[in-house]
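Trainee: Hi! I have a new structure open and could use a hand finding my way around. Can we look at it together?

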Amino acid sequence: MPAAARRWPSSPTTIEEPAANPAIAQADSDAQLVALWIGRHASPHTRRNYRRQADRFLAFVGRPLALVRMADLQAYLATLEGLAPATRANATAALKSLLSFAQETGYLRFNVGKVVKTPPIKNTLAARLLS
């Protein structure tokens, strides 16, 4: 090819990497997501407890999970302050699990529960056994 026919770009060309395929959401609604999440657990007790925790949280925030912020989760958990430590820890763990599942399945872009700490539970078994 003659030199006159060759055209070189006047500025450096950047080659764009193909975008990674975004995760395809496995649920179309909060209710469907919660049903999928609960369906992963074999224990009827766990299913009942997780359903209750999800329903309470969604009723508290009053909007879809995609619009929930970390402050919403923290505000909900603050309403549980008067309850037993094990109850608060159970609720926190359940909601963290739901939000992790939502992100892993592509339903949520971010997991706002990831940075929330589950409250510690004091182990009183040894004291009860010795008394």
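Mentor: Happy to! One term before we start: contact here means heavy atoms within 4.5 Å. Keep in mind, too, that this is a predicted model.

Trainee: Got it. How many helices and strands does the protein have?

Mentor: There are five helices and zero strands. Going along the sequence, the pattern reads α-α-α-α-α.

Trainee: At what angle do α1 and α2 pack?

Mentor: Helix α1 (residues 30-39) packs with helix α2 (residues 44-61) at about 155°, and their axes are 10 Å apart. Angles over 145 degrees count as roughly antiparallel, so α1 is roughly antiparallel to α2.

Trainee: And is that crossing left-handed or right-handed?

Mentor: The crossing of α1 and α2 is right-handed.

Trainee: Which residues meet there?

Mentor: From α1 you have D30, V34, A35, W37, I38 and G39, and they meet R47, Y50, R51, A54 and L58 from α2. Sorted by class, that contact has seven nonpolar residues, one polar and three charged.

Trainee: Staying with α1, which of its residues are buried?

Mentor: Those are D30, L33, V34, W37 and I38. Viewed down the axis of α1, the buried residues fall within an arc of 130°, so they line one face of the helix.

Trainee: What do the buried residues of α1 pack against?

Mentor: They pack against α2 and α4.

Trainee: Let's jump to α3. Which residues are buried there?

Mentor: In helix α3 (residues 70-78), the buried residues are D72, L73, Y76 and L77. They cover an arc of only 130° around the axis, which puts them on the same side of α3.

Trainee: And what covers the buried residues of α3?

Mentor: The cover includes α2 and α4 (85-104).

Trainee: Change of topic: where is Q26 found?

Mentor: Q26 sits in the segment before α1. Setting aside neighbours within four places in sequence, Q26 is in contact with L36 and T105.

Trainee: How many residues apart in sequence are Q26 and L36?

Mentor: They are 10 residues apart in sequence, and 8.8 Å apart in space from C-alpha to C-alpha.

Trainee: Last one, for the protein overall: what percentage of residues count as buried?

Mentor: Of its 131 residues, 30% count as buried. As for contacts with a separation of 6 or more, residues 24 or more positions apart account for 57% of them.

Terms used: Residues are numbered from 1 along each chain as its sequence is written. This is a predicted model: local features need pLDDT of at least 70, side-chain atom pairs count only at pLDDT 80 or more; totals for chains, interfaces and linings use all residues. Side-chain values use heavy atoms; hydrogens and water are left out. Axes are lines fitted to C-alpha atoms, for helices over the stretch in contact, and angles run from 0 to 180 degrees between N-to-C directions. Helices (H or I, at least four residues) and strands (E, at least two) are DSSP runs, numbered from the N terminus. Angles under 35 degrees count as roughly parallel, over 145 as roughly antiparallel, 65 to 115 as roughly perpendicular and the rest as oblique. A crossing is left-handed if the near helix is turned anticlockwise from the far one by less than a right angle, and right-handed if clockwise. Ala, Val, Leu, Ile, Met, Phe, Trp, Tyr, Cys and Pro count as nonpolar, Asp, Glu, Lys and Arg as charged, and the others, Gly among them, as polar. Buried means under 20% relative accessible area, exposed over 50%, partly exposed in between (1.4 Å probe, protein chains only). The arc is that of the directions from the helix axis to the C-beta atoms.
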